[in-house]
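Please read the following note beside the structure. Each numbered point takes up one topic.

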Amino acid sequence: MRRLSERLLAVDAWIDSSVWRIGHVLRRAIEGYSIWLRRFRVKGFARVANELACDGLTFGLAGFILLLALALPAFQATRKADWKTTNDFAVTFLDRYGNEIGRRGILLNNSVPLEELPDYLVKATLATEDRRFFSHFGIDVLGTLRALVANLRANTVVEGGSSITQQLAKNLFLSNERTLDRKIKEAFLSLWLEANLSKREILKLYLDRAYMGGGTFGVGAAAEFYFGKSVRDVTLAEAAMLSGLYKAPTKYAPHINLPAARLRANEVLTNMVQAGFMTEGQVIGARRNPATAVDRSKNETPDNFLDWAFDEVKQLAPGNDRILTVRTTLDPALQAQADRAVTSTLRQYGQERRVGQGALVSVTTDGAVRAMVGGHDYGASQFNRAVDALRQPGSSFKPFVYMTAFMNGYSENSIVPDAPINIGGWSPRNYGRSYHGSVTLKTALTHSYNTVPVRLAQAIGRDKIVATAHNMGIRSELKITRALPLGVAEVTVLDMAGAYAAFANGGYKATPYGILEIKNSEGKTIWSHDRDAPKPHRVLPLDKVEEMNDVLNNVVEHGTGRRAIIDGVVSAGKTGTTQAYRDAWFAGYTGNYCTVVWFGNDNYTPTGRVTGGSLPAMTWQNYMRYAQAGVEQKPLPGVSESPADAKVANAGSGDDSQPFGANPRLLTKEGTEVLQRIQALFKDAAPLPPPGSQRQAFAPPVRNVGPGLASNITTGTVSASANASGNASGEVH
């Protein structure tokens, strides 16, 4: 214990002596440094200046470090390899033939080189924004001081002191917020731009990226938007008006306030004279004949289609280039007819039938969108009812039910009872509230009976119906409920067009698309539908599609869709009307096009008893008659007879009474002519009546009875009648 105490005392003594030695050495060093500094001691005025310089250097260094710390986040943006490009899309859309139909995103055109811009446009820009641009280092100190003095005198901001380089730095990297932090970043970024770009490159970027009002960026896009011409061709008066937009593009936009724009242009001309770029004599003509902007108030563009196509482009376009030219699938003639068809129907019947909105989508059998109408008036409402509105399809959903049944053992000649049914207290009824006994599936779908698809759904499973609809192209959620077979789920017009197109093309997936080709700012094709889009694949068996086409052709010829008949054109389709007449649909197709029409009200209020077989079918016929004119008609799979022969083959009494819903067997036109020639050999024989004037109706043998329903089938003749308005019984309400 004693030895431990001695050791601790020794350690303590060592620590004390070490601390004393270190302190002694430091004291000697400080004294030596002070004695050395006395040699440089200054007195009087020199000392004051020296102290001020030292303090200034100290605070300046601290300030520089602080400013650099504030500017570091801004410099992060310069590390991107594509910092010269915009993050916003600037898309020019062309129709299927290569003609421009509109633009979306920001309006930007940087394709004109600086040397091809009019000299007076460049001079007007420099005279107004930065006269010493080619002499300063990125920050115009004299210009900043001049602006500061002018603003102090006016006690408000009347003049900006930012150089073109500073404005470009803001446009490329920063926001428009008026804060000290932003101005510091702007200054540092201006120096960085000057160090990395030439003056001409900076000026070109500024002319291409400055906001010019009206959604336009850069003088190229602004010249096209305001004057309808290339920037190469603008006059001195137009160049002055463009150069006046930099200060306040919204305030001086000529399509909004032409007098203010002309007054500002006159100020720009004065600036050019004061800067010595032009003489008063050279600008007098521009003063006396100011520029006039193009009137864009009456432009007719396919706005709903362009909105949808723009969203498609943003998903498809690869790379970082945002200045794109896109060739679309739109046919301008068909688009114009679609607009006329929907508009004329609403104008003629809208008030009387209490319907305020309509939508139409027309696609080719592979899904290429040829026309799209998203509402009655785009100016009043930009909501796209063809793409974004989820509405109940009513009976137009039933083909998905029947197609599922066909793929699960049923056929169009399978017999199912149309009779009252109760599922957990829910009892669907037919339109007209009558029942027709045992009917074929062809008859049931032709006249849109409600109990039959409900029975089918019970037998095959509603989940299979949902799977079929989704496989065919319905993308919205389809809730599995008891009323699903009657179309109470919600779908879009666009999806319905794509799904029905699978019937028209023989069973292949036909996802609607609007983009054929995307080119970047250099004119290089970066995306092509033929090259990059997924290839179509079969989703339905061909033999089942043929059965469905035969049935849906019968819907048009003899069922609820008779107002859609087009003379000389084989067509098929299905009507749809929802509860309380809130939605009315007609989805129809030929071998060339599939078109879906919807009418209703945005607030879901009932219409004036508008059914799918009335206004939608009439509008469909109006549009499709035009679309099919002069077009080589492609056959519908499973429908081989011509419409003329179909009418002869189905001629008969007005009530369309048919045993089991089957078409009566008649002599064909050719067969009748043969018999007439034979009868001519027998003078005493009575002449044969014209084709179609008589028929031999008979009950075909019952076959292909649906599984699980055979015990409920009884043979017999069923009569299905249609009302005078062309809307046969069976529509969903």
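Is the crossing of α3 and α9 left-handed or right-handed? The crossing of α3 and α9 is right-handed; a crossing is right-handed if the near helix is turned clockwise from the far one by less than a right angle, and left-handed if anticlockwise.

1. Basis of the note. This is a predicted model, in which local features need pLDDT of at least 70 and side-chain atom pairs count only at pLDDT 80 or more, while totals for chains, interfaces and linings use all residues. Residues are numbered from 1 along each chain as its sequence is written, and side-chain values use heavy atoms, with hydrogens and water left out.

2. The chain as a whole. The chain contains 23 helices and 14 strands; these are DSSP runs numbered from the N terminus, helices being H or I with at least four residues and strands E with at least two. Of the 733 residues, 49% are buried (buried means under 20% relative accessible area, exposed over 50%, partly exposed in between, with a 1.4 Å probe and protein chains only). Among contacts with a separation of 6 or more, 72% join residues 24 or more positions apart (contact means heavy atoms within 4.5 Å).

3. Helices α3 and α9. The axes of α3 (residues 119–129) and α9 (residues 236–243) come within 9 Å and cross at roughly 35 degrees. Axes are lines fitted to C-alpha atoms, for helices over the stretch in contact, and angles run from 0 to 180 degrees between N-to-C directions. From α3, Y120, L121, A124, T125 and T128 meet L236, A239, L242 and S243 of α9. By class, this contact has 6 nonpolar, 3 polar and no charged residues (Ala, Val, Leu, Ile, Met, Phe, Trp, Tyr, Cys and Pro count as nonpolar, Asp, Glu, Lys and Arg as charged, and the others, Gly among them, as polar).

4. The surroundings of α9. In α9, 8 of its 8 residues are buried, including E238 and M241. The buried residues of α9 pack against α3, α8 (219–227), α10 (258–274) and α11 (280–288).

5. Helices α14 and α17. Helix α14 (residues 398–406) packs against α17 (residues 462–472) at an angle of about 110 degrees, with the axes 9 Å apart. The two helices are therefore roughly perpendicular to each other (65 to 115 degrees; under 35 is roughly parallel, over 145 roughly antiparallel and the rest oblique). F400, V401, M403 and T404 of α14 make the contact with K464, I465, T468, A469 and M472 of α17.
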